[in-house]
Amino acid sequence: MAKRTAVVDLGSNSVRLVIFEKTSRFAFHIFAEYKRKVRLGENAYNNGKILQEEAMQRTENTLSYFKEMANKHKCKKMIIIGTSALRDAPNSKEFIKRIKDKLGLNIRCIDGKTESYLGGLAALNLISNIKNAVTLDIGGGSSELCLIKDGAIKECISLDIGTVRLKELFYDLNKLKELDDFLDKALKSIPQHFKNENLISIGGSLRAISSSIMQKNSYPIKTLHEFKYKLSDEIKHIQRIIDTDFEDLSNYGIKKERFDTIKEGALIFLKIAKKLGTKEVITSGVGVREGAFLDDILPANKKFPANFNPSVRSLQDRFLNKDDKNLTHIYCAKLFDKLNSSHRLDKRYKSILINAAKLCNIGSYLSFYFSNEHSTYFILNALNYNFSHEDKALIAIIIKFAGKKINPFFLENYKDLLPDMQNISWLNFILAFARLLSQHHSNKQELDFDYKNNTIYVYSRQNIDLAKDEFKKIALPSANIIIALNQKPR
């Protein structure tokens, strides 16, 4: 059912095209992405906010190219969102009409609160376990904050402080006294009830800061989305980015394309984080673009259906045989419950186990041989939404080892993200045993389980054609466990 939608985020600094592909009703993934730095707001903030002709022409050329790309990829719809530089400009209507007349494209110019809402909508739906937090999206012309309380968006505000705006008004932070006064005045408009220990960082500048921290700490997972850090641990590093010479920014893992605005972005970030009382920062790989897409596809309540994950379903849609009735996740759930008296695992691990079971076979799409390694790679690099890095690492590990005895040496890189070895061993065993039963059972009749006196009883109406040598290969989490197959129904 692949259906593609192109979303363009037309900012003050850059323009980005993201093509989302739906694989089923609410499941999707990013199919392609294009970015160009057009600087629509260049020389506007020190010229009465009027868009300059050179900047408008660059933007027009880029939108023309993006239209070609959207058509090339057979997108059914194209959504273009204009933000700060466009809404501030006295000549914005003329530019929007120019794009409509020349390119046949409609630009939706949104106000600051709507921009904040879209970023909040994306974070709330695509970051795991968000109950209370404030999102911060630092752009070229403005910074948006969205208050999330009790798992719902409560309030949205927009501040007229952005990286390009500061750069043009204060000449690369050289006018420090005037800059501090400007920022302090802007920050007074942040209400006291926005104070929150959890800050969700959105936007290119904040992702660049997170990437720099990950590189400094030799962090094992490369995905930025849901990377977390304590601000107190990293505030000196962020301050050093502000204070360092431009030519030395690469030493901090900052890409050259970010050199001209990263200092402004870091300064705004620290000022706002202090105002909010931030303790933990959660990096968001999603923002206005994802928010606009979700706003278009989600039902009226703007939430995914209960117990639905768009990434899990998208991976299943793309990489699993739809005719194969795999019951591994059902067996995992039953075994988890029956073995509870022995494993004593927290209930949250049940959900992790079920998702691992749903995805453990996706690597076979690439190759039957080394399929577990392929699945592990998919998990670490394509299980994008609503999973913490801790959960992703755990799912990847138990799929990778597939019931084999776990060598602690292979866990060393992820040791700060993983639970203790006994918990991993139990999850590794349950997944491997459930998977083996699913592979060797006809699936016409679901299996049932019981656990008594350290013995796992497997009940089936028909013979399970599984040699004892097969399940003997699975590493047991306890030496006392016995497995009894082919029991008659109770």
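## Aromatic pairs and charges over rings

F409 counts as exposed, because its relative accessibility is 64%. The model is predicted. F410 is partly exposed, with a relative accessible area of 46%.

Now for the ring pairs. The count comes to 19 aromatic pairs. One of them joins F28 and F293, with ring centres 5.1 Å apart and planes at 65°, so this pair is edge-to-face. F28 lies in strand β3 (residues 28-36), while F293 belongs to helix α10 (residues 288-297), so the contact ties together parts that are 265 residues apart in sequence. Both partners are on the buried side of the cut-off, and buried means under 20% relative accessible area. F28 has 1% relative accessibility. F293 has a relative accessible area of 0%.

F409 and F410 also pair. Their ring centres are 5.6 Å apart and their planes stand at 80°, so this pair is edge-to-face. Over 60 degrees between planes counts as edge-to-face.

Which residues do ring pairs link into a cluster with F28 and F293? F20 and Y385 join them there.

The table gives two cases.

| Charged residue | Ring | Distance to ring centre |
|---|---|---|
| R4 | F31 | 3.8 Å |
| K263 | F246 | 5.1 Å |

The charged end of R4 sits over the ring of F31. K263 lies over the face of F246.

Notes:
Residues numbered from 1 in each chain as written. Predicted model: local features only at pLDDT ≥ 70, side-chain atom pairs only at ≥ 80, totals over all residues. Heavy atoms only, no water. Phe/Tyr/Trp six-rings, centres within 6.5 Å; stacked < 30°, edge-to-face > 60°. Helix = DSSP H or I, 4+ residues; strand = E, 2+ residues; numbered from the N terminus. Buried < 20%, exposed > 50% of the residue type's maximum accessible area, 1.4 Å probe, protein only. Lys NZ or Arg CZ within 6 Å of the ring centre and 35° of its normal.
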